[in-house]
Amino acid sequence: MEMVDTAPEIERARRKLRERWELASVLNFLSVFEPVLQIKLKLSAEEIETALIEPNDNLAQLHIMLLKGIPPVNKLLKDSDGWVIALSKKLEMWWPWVAEGNFPLTAKKGEEMSTYKALNPTTRLLVLKALCEIRADQSDTISYISDETKNKTDSTAFRKEKLGGNGNEVSYWYDGNETLGHRLYKEVYQVESMSKVKDKKSISAITSQWETLATTFEEFQNFVEKFSSSQVKWEADVGKAVEAHAIPALQKIQRKKDKAQKRQQREQRLVESLRNLAIPRSCRIRRPVNYTCDDFDRAIKEAIDVTNKRKATEDPTSKTRLNEHGPRSETNLLDSSPASNSISSDAADSESESDRTQESNEDVDDTSDEIDEAGTDSMKENGQLYHRPSSYRHSKRLAGVTGYAVPESTHIGAKYRLRQRPSINTAAKSVVIPDSEDEN
């Protein structure tokens, strides 16, 4: 609410300042003597108006710059608020020659700053204008004017001439540069009659009313369009003069502003794109510290669930495979292979031969089925002893024992012999059958 209430007051005070010719005089002094003043502050006319309405650091620096050019230089300028004390001491003896009325900065010692802030913006403008008058009377400014006159500089650079008008009633003035800005003023003269009571004579006094017509490029364009199409000759001449002197400079400034604005927009888009691409480190989410084993238990449980699901998905395929081919055990694998078929046929032949020998010769010992250490079986047939290869050995005592693997036959092809995986005779290790005949 305070910002809403103070904004109209600031604009009202700004309009009052623009109705004073003293503001135009101050701006013209800063523009003409810029090489002498060596102004480091690049203040625009709007910033100077704002500083006069609400005193700030820009106003202090402007006064300090002007006071340093007026000897003797006061040491109080080094202090933050010392410039007000130096200003009051400097203007007190110069005031009757550069201004009218009473000196507004008469205050007790130590109250100069509070007194200056209590002044209205118009009075602060009069103080600044008086300080510029004193600064213009110094030796360096006078020598600057004489040097420029010797160099055949146009006199209009130091003494501004009106842009046009209708004679003695209305005048138009144009002034400005790239730093302060460009402004178009209108001055209206008024004649007031004043009568004296004693002599009964009337005395006429001429007063002027100042007005700021244009401060921006759009306002200058509107003025040119309005006056150039006017039917009054002097107004059309004023419009043409403004178009010739002000519009080119304003167009140049406007192009610079547009380029600066486009550059700023490109930089903003670049910053936004980089901000979207890169995530700053400050956006990281830190996990809270947990001193329990809940996370570990949860991880173990999840791993178990994953394993169970995997087994559940793999079981149907194994079942279908068993249903198609039947239960596949070690004996079935041996029976299904070609090697196992040959082994079973050899075993059947050996059993038939042993049965025939037992029927023909009852004296054949049971040792015919035992395994000889040399790797052969000793068999008696028709009273003759012959040896059978070790691959045909087959013990009846191990027949029917679970886990007993039938040995391979000698005539198994090399192809199947290389493919068959070696097996361990677990029956020989687990089942021990004493052989009394071998012991004897």
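**Exercise 1.** Is aspartate 140 buried, partly exposed or exposed?

*Solution.* The model is predicted: local features need pLDDT of at least 70, side-chain atom pairs count only at pLDDT 80 or more, and totals for chains, interfaces and linings use all residues. Residues are numbered from 1 along each chain as its sequence is written, and side-chain values use heavy atoms, with hydrogens and water left out.

Step 1. Take the cut-offs: buried means under 20% relative accessible area, exposed over 50%, and partly exposed in between (1.4 Å probe, protein chains only).
Step 2. Aspartate 140 has a relative accessibility of 28%, so it counts as partly exposed.

**Exercise 2.** Find the salt-bridge partner of aspartate 140 and describe where that partner sits.

*Solution.*
Step 1. A salt bridge is a side-chain nitrogen of Lys or Arg within 4 Å of a carboxyl oxygen of Asp or Glu.
Step 2. The side chain of arginine 135 meets that of aspartate 140 at 2.7 Å, N to O.
Step 3. Arginine 135 belongs to helix 8 (residues 121-136); helices (H or I, at least four residues) and strands (E, at least two) are DSSP runs, numbered from the N terminus.
Step 4. Arginine 135 is buried because its relative accessibility is 4%.
Step 5. Apart from neighbours within four places in sequence, arginine 135 has contacts (heavy atoms within 4.5 Å) with Phe29, Val36, Leu37, Leu66, Gly69, Ile70, Asp140 and Thr141.

**Exercise 3.** Compare two further salt bridges, glutamate 133 with lysine 129 and lysine 160 with aspartate 175.

*Solution.*
Step 1. Glutamate 133 and lysine 129 are 2.9 Å apart, N to O. Both lie in helix 8, 4 residues apart, about one turn of the helix.
Step 2. Glutamate 133 is partly exposed at 31%, whereas lysine 129 is buried at 12%.
Step 3. For lysine 160 and aspartate 175, the closest N and O atoms are 3.6 Å apart. Lysine 160 is in the loop between helix 9 (139-150) and strand 1 (164-165), and aspartate 175 is in strand 2 (residues 170-177), so the pair ties together parts 15 residues apart in sequence.
Step 4. Lysine 160 is partly exposed at 36%, and aspartate 175 is buried at 14%.
Step 5. A search of the whole structure gives 12 salt bridges.

**Exercise 4.** How do helix 6 and helix 8 lie relative to each other, and how do helix 11 and helix 12?

*Solution.*
Step 1. Axes are lines fitted to C-alpha atoms, for helices over the stretch in contact, and angles run from 0 to 180 degrees between N-to-C directions. Angles under 35 degrees count as roughly parallel, over 145 as roughly antiparallel, 65 to 115 as roughly perpendicular and the rest as oblique.
Step 2. The axes of helix 6 and helix 8 cross at roughly 80° and come within 10 Å. The two helices are therefore roughly perpendicular. Residues making this contact include Trp94 and Trp95 of helix 6 and Leu131 and Glu133 of helix 8.
Step 3. Helix 11 (residues 233-245) packs against helix 12 at about 40°, with axes 4 Å apart. That angle makes helix 11 oblique to helix 12. On the helix 11 side, Val242, Glu243, Ala244 and His245 make the contact; on the helix 12 side, Ile247, Pro248 and Ala249 do.

**Exercise 5.** Locate the cis peptide bond between proline 71 and proline 72.

*Solution.*
Step 1. The bond from proline 71 to proline 72 has omega near -10°.
Step 2. Proline 72 is in the loop between helix 5 (57-68) and helix 6 (82-98).
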